[in-house]
Amino acid sequence: MSNYVPFILLVLSLIIVLKNVALAGAESKVHIVYLGEKQHHDPEFVTESHHQMLSSLLGSKKDAHDSMVYSYRHGFSGFAAKLTKSQAKLIADLPEVVHVIPDGFYELATTRTWDYLGLSAANPKNLLTDTNMGDQVIIGVIDTGVWPESESFNDNGVGPIPRKWKGGCESGENFRPTNCNRKLIGAKYFIKGFLAQNKGFNSTKSPDYISARDFDGHGTHVASLAGGSFVPNVSYKGLAGGTLRGGAPRARIAMYKACWYMEELEGLTCLNSDIIKAIDEAMHDGVDVLSISLVGQVPLLPETDMLNEFATGLFHAVAKGIVVVCAGGNDGPEAQTVVNTAPWILTVAATTLDRSFPTPITLGNNKVILGQATYTGPELGLTSLVYPADAGNSSGVCESLNLNSNHTMAGKVVLCFTTSRTNTAIPNAASFVKTAGGLGLIISRNPVYTLKPCDDDFPCVAIDYELGTDILAYIRSTRSPVVKIQPSRTLSGQPVGTKVVNFSSRGPNSMSPAILKPDIAAPGVRILAATSPNSTLSAGGFAILSGTSMATPAIAGVIALLKALHPDWSPAAFRSAIVTTDLRYHYSTDKNRERLAHH
């Protein structure tokens, strides 16, 4: 018996050692631990309780500190921590834990808008003027950051910072608190979740700024659309412009950067843990409206599903009185592709604007065809026109123009056809033609797809399949076909129809069809707004972008105006007023202005 006890102790010691070795060897990943409502009003107390919970699991305060990524302590209680699968299971079994989920990803959903919506500054009687342009309302934006030097964030004529504001501007790479002003009153960044998931990330080699400064330009674009200040005499690559502003030009902007550029992916990634911390901070800081142009993927999780931490975080924000506006996604026109479908979220679809850029194409037989482009260069005089597929062993498909010999396209305008839905089809085809020495491109495609400008103002014009077939018939009817391309013009107003754009995600709601989504639509095609100078589309600090990303801040701006008029309304009241009122036609009349004001 005396020899048996030491043997048992030895076995137990070995079991403990082996267990610790297994835990040390297992891969740790970021998990989000949700604890529900806060049990204490002191944020420091809440964070300490999170550390104690981790310490009891990991064995020491140091290990708990090293494991902790974020403490969610303002709007609700929870934390993000680096845990193995077995550790996550152990902590999920604790009675005070609601659920534990692995971290996930979200992505970006990527002028004349306000005149179109009946909110022109020149009109003395509309929502814009009735609300002093949204003064004292704070719009929070969760995105890629902000370029604070943009003229869209000037604070000319903007009053003092609202007293309720508890936020601020954080220092970081190429960003100082002095970059903020009375317009841009908040700028924070959240990268801990991203770094924990991407351990090989080299911040010194990354072109992105480890701060709230915007590298990509998407965040600057959407923030300026929601609440940008007046900027006079703005044009884009020579196209007719004018005064540019956001929906609520005297509202304040607070940027929460949660999306980061990775060269390895050649794109942006947004971690759920970083986004939720941004939501938590926005609730603490005192924002009135949250504009979020980020989307998840189908299949959707139920809005009440424990795994849908994004919707859960936004539920707490709405419960605190914050109106949340989210993009519906860019996966249309297929049915059941709409995302961000929780009933407490205002989900936005994208429409075209009542504006087009007709570009005259004159054939050698004097027939004039109007295409669409943003070409502002000199007129391209009569030039040889070719359809490469007629040249033998060549291709007339836009995506395959690089397979043609340079001789086929050199010195000519090229006609090609594409069925591609992507907005990169035109610039990619133009690049092939330019490389071969071609002088211009006419691209025939489905007319509902969006238009993306070509680089370096290369003459590339989009037409529909019917017109493309007409041009092809002309080419085949003569030995020496020629064409002339004139600069684009700007046409706006009643002659140009508007509709939900092809790429905008459609309902019905794939999770709960009885909950109708999207809730509302707003202009999201060829929208001119501020951007980062780093953006490849930037021209003078401005760019034209399309997506439900652009439609979302348009609605956020309108909400900010209504918030200034009705500060005591609930998020549900704002949603009801928005989805039952057509601002374009109804707010210009006294009767309907009264209807909206007393909805």
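Trainee: Which residues in α9 meet α10?

Mentor: This is a predicted model, in which local features need pLDDT of at least 70 and side-chain atom pairs count only at pLDDT 80 or more, while totals for chains, interfaces and linings use all residues. Residues are numbered from 1 along each chain as its sequence is written, and side-chain values use heavy atoms, with hydrogens and water left out. A contact means heavy atoms within 4.5 Å. On the α10 side the partners are E309, F310, G313, L314, H316 and A317, and the α9 residues that meet them are N272, I275, I276, I279 and M283.

Trainee: How are α9 and α10 oriented to each other?

Mentor: Helices are DSSP runs of H or I of at least four residues, and strands are E runs of at least two, numbered from the N terminus. Axes are lines fitted to C-alpha atoms, for helices over the stretch in contact, with angles from 0 to 180 degrees between N-to-C directions. The axes of α9 (residues 272–285) and α10 (residues 309–319) come within 10 Å and cross at roughly 0 degrees. Angles under 35 degrees count as roughly parallel, over 145 as roughly antiparallel, 65 to 115 as roughly perpendicular and the rest as oblique; α9 and α10 are therefore roughly parallel.

Trainee: How many disulfides does the rule give?

Mentor: A disulfide is a pair of cysteine sulfur atoms within 2.5 Å. C169 and C180 form one, with their sulfur atoms 1.9 Å apart. C259 and C270 form another at 2.1 Å, as do C398 and C416 at 2.1 Å. The count comes to three.

Trainee: What handedness has the disulfide of C398 and C416?

Mentor: C398 lies in the loop between β20 (380–386) and α11 (406–409), and C416 in strand β21 (residues 413–417), so the pair ties together parts 18 residues apart in sequence. The torsion about their S-S bond is about 95 degrees, so this disulfide is right-handed.

Trainee: Is C326 buried or exposed?

Mentor: Buried means under 20% relative accessible area, exposed over 50%, and partly exposed in between (1.4 Å probe, protein chains only). C326 has a relative accessible area of 0%, so C326 is buried.

Trainee: What is the average pLDDT of the protein?

Mentor: pLDDT is the predictor's confidence in each residue, from 0 to 100. Over residues 1–24 it stays under 50. Where pLDDT is low, the predicted coordinates should not be read in detail. In the protein, 81% of the residues score at least 70, and the average pLDDT is 83.
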